[in-house]
Amino acid sequence: MDSDEQLHWKINIKKWGCELGFVAIGFTSAEPVDGLDQLLQARIDRGLATPFEGKEVKQRIDPKAGWQDCQTITALAYPLPYTLPPQEGEGVIARSAVGEDYHRVLRQTLNRLVDIMRTNGWPGNLRWQVDTGPLVERAFAVRAGIGWIGRNQQLIIPGYGSFVVLALLLLDREIASDRSISDQCGVCQSCVEVCPAHIIGKEPFASKDCVSYLTQSKETLSPEECKRLGTGIFGCDSCQDVCPHNQKRLKEEQTDLSPFSHRRGVDLLETLNLSKREFQERFQVTAAGWRGKAVLQRNAYLAMQNVQDCRLKPWLSEHKKDKSIPPIISSYL
Ligand code: B12
């Protein structure tokens, strides 16, 4: 494509994407992210990589390793819906895991974007990934200039903040890259101070100590890790809640009176007692469903211990009596 055509597509993809609800869209070449291979390999070698990440370093940093024809990466950020805050004593679900699963929402939205592009004569092929694909999404998003990597590791979009999920749209045509933007965290230490795992601001980032990871891990947690979970049932937003760049959005969320807002709070006993059917209805449609029911029940059990919920003792005696304690919980008795 000549430069006029490239500009035409760049302007229009951004326009269509905005109309579909994306809050930031940028372009970068399909060149590998230089230097990221060493970081990823070191994470693997030192046991810091989570089981949720691919181990093939080349596939993670080089778009052409997965699709030889790839020329351009489009990075797109989609806002998380407004939510209602948890009440005292409730378990907490992170914003990315309430409401309809963002993987599904983005799949539909990206399919619509692709349809619009094709209807308007997009001359090439395209592929996309949301979260579960091999490429390190934040690294391409930052190179595509849609935000900077905050001290809390999040991609922060200027004027919007970090409560977004990311998608990459891969194109087999060249579109000129956007410019990266500079870090705007300055000397702020808010996320460093609030992180329950005390891992922010230290290198390398100890992903497996992050509360978000612990809520999703099926490994047996140490007594200290159990306490660290607090009332977390799935994910953790601590480092984003205090970020100055999220305060405008958080204020809007607080005053949002939409009857369709999803609650982040869950009743702990109800979650501990989840039946298969309740799990399917309440959680499987959200991004908190992918690790299954047992891990949510374990987290609810630990949260009840942490807040000394008086309903736990009778629950224990009843379930001990009829030997119906879920296996994932027995190691914490
Ligand atoms: C595994 C994973 C996790 C793990 C590990 C997280 C981690 N920090 O590595 C766990 C389970 C802990 C996790 C938690 C969360 N995650 Co997560 N996670 C992923 C996943 C699948 C891979 C991440 C990965 O590769 N990590 C390895 C490190 C090296 O990469 P990274 O942190 O993503 O990116 C770093 C590098 O790119 C580096 N970098 C950027 N450019 C360059 C250039 C060079 C040369 C170098 C050396 C480095 C470098 O900067 C980044 C920060 O250090 C991505 C989706 C994807 N496919 O990318 C989502 C993703 C990163 N997660 C996301 C979200 C929303 C979360 C949570 C907020 C969910 C929650 N509320 O609990 C938390 C936040 C925790 C945190 N502070 O990071 C979003 C991020 C949105 C955003 N605004 O940044 C993603 C992109 C999913 C999505 N599609 O939206 N996650």
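**Notes on the predicted model**

1. Helix 2 is followed by G47, whose phi is positive, near 70°. Helices here are DSSP runs of H or I with at least four residues, strands are DSSP runs of E with at least two, and both are numbered from the N terminus. Since everything below rests on a predicted model, local features need pLDDT of at least 70 and side-chain atom pairs count only at pLDDT 80 or more, while totals for chains, interfaces and linings use all residues. Residues are numbered from 1 along each chain as its sequence is written, and side-chain values use heavy atoms, with hydrogens and water left out.

2. Helix 2 itself spans residues 36–45, and its buried residues are L36, L40 and R43. They cover an arc of only 60° around the axis, which places them on the same side of helix 2; the arc is that of the directions from the helix axis to the C-beta atoms. Buried means under 20% relative accessible area, exposed means over 50%, and partly exposed lies in between (1.4 Å probe, protein chains only). Q38 and D45 are exposed on the face of helix 2 that is turned away from its buried side. Among the elements that cover the buried residues are helix 3 (57–61) and helix 6 (137–143), where contact means heavy atoms within 4.5 Å.

3. Strand 2 (residues 72–79) is mostly covered, with seven of its eight residues buried. Strand 1 (residues 24–29) runs antiparallel to strand 2 and is joined to it by six bridges; two strands are said to pair if DSSP finds at least two bridges between them. Within this pairing T28 stands opposite I73, and S29 has T72 as its bridge partner. Strand 2 also pairs with strand 8 (residues 164–171), in the antiparallel sense and over eight bridges, and there the bridge partner of T72 is L171. Because five of the six residues of strand 1 are buried, strand 1 is largely enclosed by the rest of the structure.

4. A separate point concerns an open sheet of three strands, which has the order 9-4-11 and mixed pairing. Its edge strands are strand 9 (232–234) and strand 11 (265–266), each of which pairs on one side only. Strand 4 (residues 91–93) and strand 9 pair in the parallel sense over two bridges, and I93 has F234 as its bridge partner in strand 9.

5. The domain assignment of the protein gives domain 1 (3–171) and domain 2 (190–330), with bounds that come from an automatic or database domain assignment. The C-alpha centres of the two domains lie 25 Å apart, and 41 residues of domain 1 are in contact with 44 residues of domain 2. The area buried between them is about 3900 Å², of which carbon and sulfur atoms give 57%; buried area is the accessible area (1.4 Å probe) that two parts lose on being put together, summed over both. Four salt bridges are found across this interface, a salt bridge being a side-chain nitrogen of Lys or Arg within 4 Å of a carboxyl oxygen of Asp or Glu.

6. In helix 11 (residues 247–255), the residues R249, L250 and E253 are buried. They cover an arc of only 100° around the axis, which puts them on the same side of helix 11. The face turned away from that buried side carries the exposed residues K248, K251, Q254 and T255. Strand 3 (83–84) and helix 10 (238–241) are included in what covers the buried residues of helix 11.

7. The structure holds 19 salt bridges. E253 lies in helix 11 and R95 in the loop between strand 4 and helix 5 (102–119), so this pair ties together parts that are 158 residues apart in sequence. The side chains of E253 and R95 meet at 2.9 Å, N to O, and both residues are buried. R249 also forms a salt bridge with E253, with the closest N and O atoms 2.9 Å apart; R249 and E253 both lie in helix 11, four residues apart, about one turn of the helix.

8. A further salt bridge joins R277 to E281, whose closest N and O atoms are 3.3 Å apart. Being four residues apart in helix 13 (residues 276–282), R277 and E281 are separated by about one helical turn. R277 is exposed, and so is E281. Elsewhere, salt bridges that share partners join R95, D237, D241, R249 and E253 into one network.
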